[in-house]
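Work through the exercises below with the model open. Each task is followed by a solution in steps.

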Amino acid sequence: MTILLFGATGMIGHGTLNAALADDRVTRVVSVARRSTGRQHAKLVEVLHADMTDLSPIIDQLANVDACLFCLGVSSAGMNEADYRRITYDLTHSVATTLVGLNPEMTFVYVSGAGSNARSRQMWARVKGEIENALMALPFGGVYNARPGFIQPVGGARSKTALYRTLYAVMGPVASLIRRVAPNALIDSDELGAALVEAGLAGAPEQILEVSALRLLAERAAPHRAGAMG
């Protein structure tokens, strides 16, 4: 099966790429990004493209895929609503609309966030909730919105946001305690990646995937992990 991955150079995308390359059901991973991941793997095809709002120059490379895992996103910290909406809603919807025209049977998996709600008073949560609803209205074969909470970076994953890097550095030493006390408050980047791949390839019981559901999907994917990612 072929996976189309947006955002492979980010923290979540790093874990997702790891999971996709290790999954024995995946024959090809097409990574669309502004810069290279620096990875070498027989399954990996990198498509470097600067303007994600216009996919027409690479349209031929976006067809005949089974699932899109959309890991692109930005932190709302310091952003006004118009700028945040342009990236979080407009860009995502533009990409999804293009893809559903090419691959109507494909699955689209979107990385949202815990607390997303189109009726929220919090700007980021409202915009995330609105794009979730818009994606679920598109005629894909399946749409799943992942809502991770605290994400522990592992296996070389690193956030691009300085504030988050500081938070992860502070929280990292107590991550195991958090997992014991509140297991559904935390997921690591590799677990999340495995869950996204599993949802894309085999579906999920519900369209909104909170941490508990994501962790179950990661467990379900375990038998398919080859272990060698080259």
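The structure is a predicted model.

**Exercise 1.** Determine which strands pair with β5 and in what direction they run.

Solution. Start with β6 (residues 142–146): five bridges join this strand to β5, and the two run parallel. Within this pairing, Val 143 is the bridge partner of Phe 108. Next take β4 (residues 67–70), which is parallel to β5 and joined to it by four bridges. Here Cys 68 stands opposite Phe 108. From β4 the chain passes through helix α2 (residues 81–102) to β5 in a right-handed β-α-β crossover. β5, helix α3 (residues 123–136) and β6 also form a right-handed β-α-β unit.

**Exercise 2.** Are the two faces of β5 covered or open?

Solution. In a regular strand, side chains alternate between the two faces of the sheet. On one side of β5 are Thr 107, Val 109 and Val 111; on the other are Phe 108 and Tyr 110. Each of these residues is buried, so by the cut-off each has under 20% relative accessible area. Both faces are therefore covered.

**Exercise 3.** Classify the ring pairs that involve Phe 70 with Phe 6 and with Tyr 110.

Solution. For Phe 6 and Phe 70, the centres are 5.4 Å apart and the planes at 40°, a tilted pair. Phe 6 is in strand β1 (residues 2–6) and Phe 70 in β4, 64 residues apart. For Phe 70 and Tyr 110, the centres are 6.2 Å apart and the planes at 35°, so this pair is tilted. Phe 70 lies in β4 and Tyr 110 in β5, so the pair ties together parts 40 residues apart in sequence. Ring pairs link Phe 6, Phe 70, Phe 108, Tyr 110 and Phe 140 into a cluster.

Methods: Residues are numbered from 1 along each chain as its sequence is written. This is a predicted model: local features need pLDDT of at least 70, side-chain atom pairs count only at pLDDT 80 or more; totals for chains, interfaces and linings use all residues. Side-chain values use heavy atoms; hydrogens and water are left out. Buried means under 20% relative accessible area, exposed over 50%, partly exposed in between (1.4 Å probe, protein chains only). Two strands pair if DSSP finds at least two bridges between them. A crossover is right-handed if, with the strands pointing away from the viewer, the path from the first strand over the helix to the second runs clockwise. Rings of Phe, Tyr and Trp (its six-membered ring) pair if their centres lie within 6.5 Å; planes under 30 degrees apart count as stacked, over 60 as edge-to-face and the rest as tilted.
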